[in-house]
Amino acid sequence: MARLGNPSSLHAFGREVRKDLEGARESIAVAVDCHPSEIIFTASGTEADNTAVKGFYWKGQGVGRNVVVVSAIEHHAILDSAQWLKVHEGAEVIEIGVDRHGVVLLGELEDLISRRADEIAVISIMSSNNETGVIQPIEKVVELARPASIPVHSDAVQSFGKIPLSFNSLGLTAMSLSAHKMGGPIGVGALVLRKGLDVPALLHGGGQERDIRSGTFNAPAILAFAAAVSDSSLDFSDRNTRIQSLRDKLEDGILECVPDSYVNGSEVERLPGIVNITIPGTESDTLQLLLDNEGIACSTGSACSAGVQRPSHVLLAMGHTDVTARSSIRFSLGATTTESDVHEAPRVLTSVVARARMANLR
Amino acid sequence: MKLIAAMSGGVDSAVAAARAHEAGHDVIGVHLALSSNPQKYRSGARGCCTIEDSHDARRAADVIGIPFYIWDMAEEFHEGVVENFIAEYAAGRTPNPCLRCNEKIKFAAVLDRARAMGFDGVVTGHYAITREGSMGKTLHRAIDDSKDQSYVLSVLTIEQIAGAMFPLGDTTKVDVRKEAKARGLYVANKPDSHDICFVPSGDNAGWLHQRLGSKVGPIVDQDGVQVGEHKGAYTYTIGQRKGLGLSVPTIDGSPRFVLKVEPITNTVVVGPREDLAVTRMVGEKTVWCGPSVGPDRNRGFVQVRAHGQPLPCTYYYDNDLLIAELDEPLLGLATGQQMAIYDEDRVVGSATISETEQ
């Protein structure tokens with residue numbers, strides 16, 4: 001990035017960057033099967049989620065729709081936006097539950113739509129869950145919403161770059177993306193928003209992105225985003241087959257070494273690279289410390305602002321108790337994961353679990 | 001050794017962790033979340049319980065180059081320290097919560113968890129020294145008298161001392177701050193914490209009022225004559241002179257002091273200064289920091305406050321009670337305070353004062 005022009009400027013430096021930036025927009029549009037003008041660059045997936053949920057609510061509010069429908073397992077960027085609308089803007093927030101496998105309950109959604117279709121401003125349901133990897137039935141959600149003309153937004157941050165994603169075939173109204181989840185840089189994302197549809201803006205100013213998002217383009221990050229998209233859209237199936245086979249080996253190894261453990265979401269369709277596992281009698285933060293000490297990275301539910309571990313709202317929605325939710329960790333597998341990693345991890349986990357159980361008994 | 005460094009977010013624990021790491025130990029930093037509802041920022045000289053403190057601890061661990069975790073000890077802290085603090089005041093005694101925190105959290109809950117996880121011990125930034133000798137590993141005063149914290153550690157058993165490491169005992173606070181600066185630790189100039197960490201404003205009486213409620217009762221002199229009224233006996237401390245609001249002055253105009261707090265009758269007894277004098281104290285729930293003591297008389301020192309003077313005394317242990325007889329009378333001593341016995345600079349053990357005699 002030797003060029004430093006502002007892509008919004010009309011002089012030669014600006015034009016040159018503008019050309020690359022629009023090229024990037026086109027590549028990303030190809031990757032997610034939408035029109036380039038439907039891509040609104042943001043600074044994060046979180047910003048895209050906020051823009052969608054709040055924007056559709058404000059738009060709907062004007063025509064008497066003040067219900068925001070989300071699933072109970074959404075990312076906090078969605079859940080907290082909805083809660084904010086409830087507290088500050090008078091929204092009614094309805095959470096749709098999930099079954100024990102972590103799949104959103106379509107019956108619940110159908111029932112709600114049949115009763116209150118005219119009141120719903122937006123339905124936001126994620127494409128796949130970031131903690132369990134469980135893929136959600138988005139086409140069916142869209143099918144249910146279409147007759148009532150309810151906008152459907154989907155947070156596709158986790159799915160993007162992992163499974164094929166077609167904005168057009170899904171029939172969505174809007175979709176959130178983030179670059180870093182698929183190998184791009186941090187600090188850039190996008191809201192894909194159907195052509196001809198406008199929502200009130202969160203950020204006001206120069207109106208760079210369809211007047212829905214203002215702020216100077218982060219051209220270097222956007223170009224890197226497009227480069228990562230071109231890389232990752234190659235050979236989905238080959239890569240997924242490899243990662244899925246490694247994941248199955250890892251899960252089998254863990255279940256053999258820790259026989260009373262169980263994989264969350266194992267009976268339904270999920271992303272290939274996530275293993276969410278419950279190990280009874282342990283606490284996730286203890287497991288995390290001990291595994292990290294052995295050179296193995298895992299994640300736990302989420303932490304509050306002081307850094308204290310909280311039980312995962314996703315697992316709680318799936319019917320876990322506080323205790324079993326706190327006994328759960330997840331491993332992520334990707335392009336750099338090797339056979340020896342998945343062979344070694346269960347062995348290490350065996351001794352770690354023994355110590356974690358001792359620590360939990362104190 | 002594999003060690004857990006308890007990191008409060010202050011300068012002392014940061015330097016202690018850095019020293020242990022530099023000495024070649026395998027150190028993991030842990031910040032204890034002690035409040036289920038932490039304050040966002042520090043206000044005044046409070047310590048331990050804010051989000052800002054946990055950030056400071058994490059930043060220090062990153063600079064030192066050690067892994068860092070947050071352990072949720074809010075429940076243990078509430079049960080073992082906060083509730084104990086309230087109950088002790090309600091019973092008319094004067095507790096020291098920092099001492100209970102060391103006894104029940106830092107060197108119990110944390111040390112037990114660390115050991116179960118395969119760690120050898122806990123490193124803290126306390127100013128105290130441990131020495132290996134013929135008596136095993138013993139606990140001693142720090143070289144910096146003004147910062148010495150051996151008193152609040154006098155509740156540790158031999159087992160707990162065996163799992164404790166205090167890298168700062170041989171250094172003055174001034175030098176610890178200099179070292180922190182040299183190590184690039186941002187907390188080098190962070191103010192010391194003084195107040196009780198879970199009492200936000202430092203207003204103990206007000207905080208206790210909220211929890212124990214107002215209960216009006218008499219303030220009487222030694223003859224039982226009412227000389228005033230109070231709104232809760234538990235907010236008074238033996239030896240207190242200020243804030244009594246007495247309506248009946250003494251004949252000669254001499255000041256009166258709180259001599260006794262009687263929770264059952266909700267009565268505060270006041271009297272002249274000389275009646276505060278204590279020459280003998282009896283303690284229960286004795287903890288030995290080294291070899292135990294028997295009924296034979298020993299010469300040594302007793303200390304009754306975190307930064308109190310060591311008082312020359314004769315001490316012995318009889319019938320499950322630790323007894324100290326002072327050479328010189330001490331003015332104002334409350335039950336519930338810890339009496340720590342020293343043999344020169346070595347902590348012999350301690351007990352909770354249950355009875356004092358003139």
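Predicted model: local features only at pLDDT ≥ 70, side-chain atom pairs only at ≥ 80, totals over all residues.
Residues are numbered from 1 along each chain as its sequence is written, chains are lettered from A and ligands numbered from 1 in the order in which they are written, and side-chain values use heavy atoms, with hydrogens and water left out.

The contact draws 17 residues from chain A and 24 residues from chain B. Contact means heavy atoms within 4.5 Å. The interface of chain A and chain B holds 2 salt bridges. A salt bridge needs a side-chain nitrogen of Lys or Arg within 4 Å of a carboxyl oxygen of Asp or Glu. Asp285(A) pairs in this way with Arg113(B), with the closest N and O atoms 3.2 Å apart.

## Polar contacts and the chain A side

Across the interface of chain A and chain B there are 5 residue pairs in polar contact, both residues at pLDDT 80 or more. A polar contact is a pair of N or O atoms within 3.5 Å; within protein, one must be able to donate a hydrogen and the other to accept it, and residues adjacent in sequence count only if both atoms are side-chain atoms.

On the side of chain A that touches chain B, the elements giving two or more residues are helix H9 (284-293) and helix H12 (339-361) of chain A. H9(A) gives the most to this side, with 7 residues. Helices (H or I, at least four residues) and strands (E, at least two) are DSSP runs, numbered from the N terminus. By class, this side of chain A has 6 nonpolar, 5 polar and 6 charged residues. Ala, Val, Leu, Ile, Met, Phe, Trp, Tyr, Cys and Pro count as nonpolar; Asp, Glu, Lys and Arg count as charged; the others, Gly among them, count as polar.

## The two domains of chain A

Chain A splits into domain 1 (12-234) and domain 2 (236-361). The bounds come from an automatic or database domain assignment. Taken over C-alpha atoms, the centres of the two domains of chain A are 28 Å apart. In the contact, 28 residues of domain 1 of chain A meet 19 residues of domain 2 of chain A. The area buried between these domains of chain A is about 2,100 Å², with 59% from carbon and sulfur atoms. In domain 1 of chain A, His101(A), Glu131(A) and Thr132(A) lose the most area to domain 2 of chain A, together 32% of what that side buries.

Between the two domains of chain A there is 1 salt bridge. Glu267(A) forms a salt bridge with Arg100(A), at 3.9 Å between the closest N and O atoms. The domains of chain A also share 7 residue pairs in polar contact, both residues at pLDDT 80 or more. The side of domain 1 of chain A that touches domain 2 of chain A has 10 nonpolar, 13 polar and 5 charged residues.

## The two domains of chain B

Chain B is divided into domain 1 (2-125 + 167-189) and domain 2 (214-275). Their C-alpha centres lie 39 Å apart. The contact takes 5 residues from domain 1 of chain B and 4 residues from domain 2 of chain B. Together these domains of chain B bury about 380 Å², 60% of it on carbon and sulfur atoms. In domain 1 of chain B, Tyr89(B), Gly92(B) and Thr94(B) lose the most area to domain 2 of chain B, together 77% of what that side buries.

Between the domains of chain B the count is 0 salt bridges. Residue pairs in polar contact between them also number 0, with both residues required at pLDDT 80 or more. The side of domain 1 of chain B that touches domain 2 of chain B has 3 nonpolar, 2 polar and no charged residues.

## Pairs over all chains

Over all chains there are 40 salt bridges. In one of them, Arg194(A) pairs with Glu38(A), the closest N and O atoms being 3.7 Å apart.

Technical notes. Buried area = accessible area lost by both parts, 1.4 Å probe.
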